[in-house]
Amino acid sequence: MDYTRHHLPPPTRRLSTEGGPVIDRTIPLLPPALEIDEHNFFDNSDPPEYLEDLIKETEEFVKFHNGRRIALVTSGGTTVPLENQTVRFIDNFSAGTRGATSAEYFLENNYAVIFLHRQFSLQPYSRHYSHATNCFLDYMEEQDGKVVVGPKYQAEMISVLRKYQAAKDKNLLLLLPFTTIVQYLHTLRAVSEALQPAGCRALFYLAAAVSDFFVPPSRISEHKIQSKAGGNQLKMDLDPVPKFLTRLVDKWAPSAMIISFKLETDSTILLSKAHQALERYSHQLVIGNLLQTRKYEVVFVEPNSPEFWIRLSDRQAKDQVEVESLIIPAVIERHNAWIKKSDEMAKDS
Ligand code: PMT
């Protein structure tokens, strides 16, 4: 990648304060979660209190869109609370740009979208005005005692507003929130099961940045950890979060098309990690991306096909074309083929 070409900083980001990375990403992936891991995790952690409401909303949404394609887009980072009555937590970088942007392109292509997102992360449409660098107040001005959108922003804003209102009027967008890793996983499982009636017309687009480690409920401190609790250091053991992708593929959403993402910071291991994930979980597509270049290029890794890179050209990068505007049509092409194959198999059986 030519970093100067896209005005990007070179990938100098260090993962640790001394020497090499804290997490050795070259070692093989964790084994996929088994049924027993699912029981252990879900039986020993509380579902979010509002889960029943989300399930009901999802069931109604799926019924309403009977026959239409539905994309479940996960978006944003999950938190790992260090205390039950949480003062401190571990978080990650994800702002939800990939998820929110992709959701808009699915909607433009007549998909209904279930947007399972980190609360307060970016959302479809409002994302255009919610960054600190894009504060909506900068778009406003006062005219005769009234607040109006400035003339140079009218065209862009009316286009976003129309799309947003069309999605709302047609009930095409269902927003479901999560914050912690435990809430995310309980909700993902429940929503996947509620989506089963959509069969092969359901598409899972798992763009959320999911925590790999957490403090299990059996070991979490109830109250705020005192600053002197560990002497001069705070030492905690985190457990690996079971890799539930395999349960999703086999049990929670057996007919849906499943797309996972693979994020790395080291370009030399991205492809091998994406291939490993595909082999391990036997789903349909892994989209690989690097932290440093994720807004400019991604790679599709899928069974029986060569790797397929999607890259913005210099011109597109300069014109601020969103890479998701290229990713989503390529994803939909693959979903078309998935539906065709599934329908043919259903006819033959
Ligand atoms: O939000 P942005 O700033 O736009 O950034 C977008 C993104 C870089 C976060 C997104 O494009 C992306 O790559 N998301 C996936 C990041 C990630 O969690 O990668 P991973 O290699 O840790 O996990 C791979 C897959 O396994 C993910 O699809 C995840 O849903 C799944 N997983 C992860 C951990 C876990 N315990 N169980 C899982 O099933």
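**View 1. R118 and D91 pair up in a salt bridge.** In this predicted model, R118 counts as buried because its relative accessibility is 14%, under the 20% cut-off. Its side chain meets that of D91, with N and O 3.0 Å apart. The pair ties together distant parts of the chain: R118 sits in strand β4, while D91 belongs to the loop between β3 (89–90) and α3, 27 residues apart. D91 has 38% relative accessibility, so D91 counts as partly exposed.

**View 2. Here R127 has a salt bridge to E322 and a polar contact with H128.** The closest N and O atoms of E322 and R127 are 2.7 Å apart. This is another link between distant parts of the chain, with 195 residues separating the two: E322 lies in the loop between α8 (314–318) and α9 (324–348), and R127 in the loop between β4 and β5. R127 is buried, at 9% relative accessible area, whereas E322 is partly exposed, at 24%. The side chain of R127 also joins that of H128 through a polar contact of 3.4 Å. H128 is found in the loop between β4 (112–118) and β5 (140–143). Setting aside neighbours within four places in sequence, H128 touches E104, N134, Y139 and V160.

**View 3. D239 and R219 form a salt bridge.** Their side chains meet at 3.2 Å, N to O. D239 is in strand β10 and R219 is in the loop between β9 and β10, so to speak 20 residues down the chain from each other. D239 is partly exposed, with a relative accessible area of 27%, and R219 also counts as partly exposed, at 41%. Stepping back, the structure holds 14 salt bridges, and E38, R189 and R247 are linked in a network of them.

**View 4. A nonpolar patch sits on the surface.** I90, F213, L234, M236 and L238 make up this patch, and together they have about 390 Å² of accessible area. M236 comes from the loop between β9 (213–214) and β10 (239–240). With 32% relative accessibility, M236 counts as partly exposed.

**View 5. The ligand is surrounded by 24 residues.** The closest are S94, R98, F261, K262 and N289. Backbone atoms come in here too: an N or O of T97 lies 3.3 Å from a ligand oxygen, and one of L206 lies 3.2 Å from a ligand oxygen. For V210, the distance from a polar backbone atom to an oxygen of the ligand is 3.3 Å. On its own the ligand has 780 Å² of accessible area, and the protein covers 95% of that. Two or more shell residues come from each of α3 (97–108) and β11 (257–264), with β11 giving the largest share, four residues.

Note on methods:
Residues numbered from 1 in each chain as written. Predicted model: local features only at pLDDT ≥ 70, side-chain atom pairs only at ≥ 80, totals over all residues. Heavy atoms only, no water. Patch = residues over 30% accessible without salt bridge, like charges linked within 9 Å, V, L, I, M, F, W, Y side chains within 5 Å. Areas by Shrake-Rupley, 256 points an atom, 1.4 Å probe, with all protein chains shown as cover. Salt bridge = Lys/Arg side-chain N within 4 Å of Asp/Glu carboxyl O. Buried < 20%, exposed > 50% of the residue type's maximum accessible area, 1.4 Å probe, protein only. Polar contact = N/O pair within 3.5 Å; in protein donor to acceptor, adjacent residues only side chain to side chain. Contact = heavy atoms within 4.5 Å. Near = heavy atom within 4 Å.
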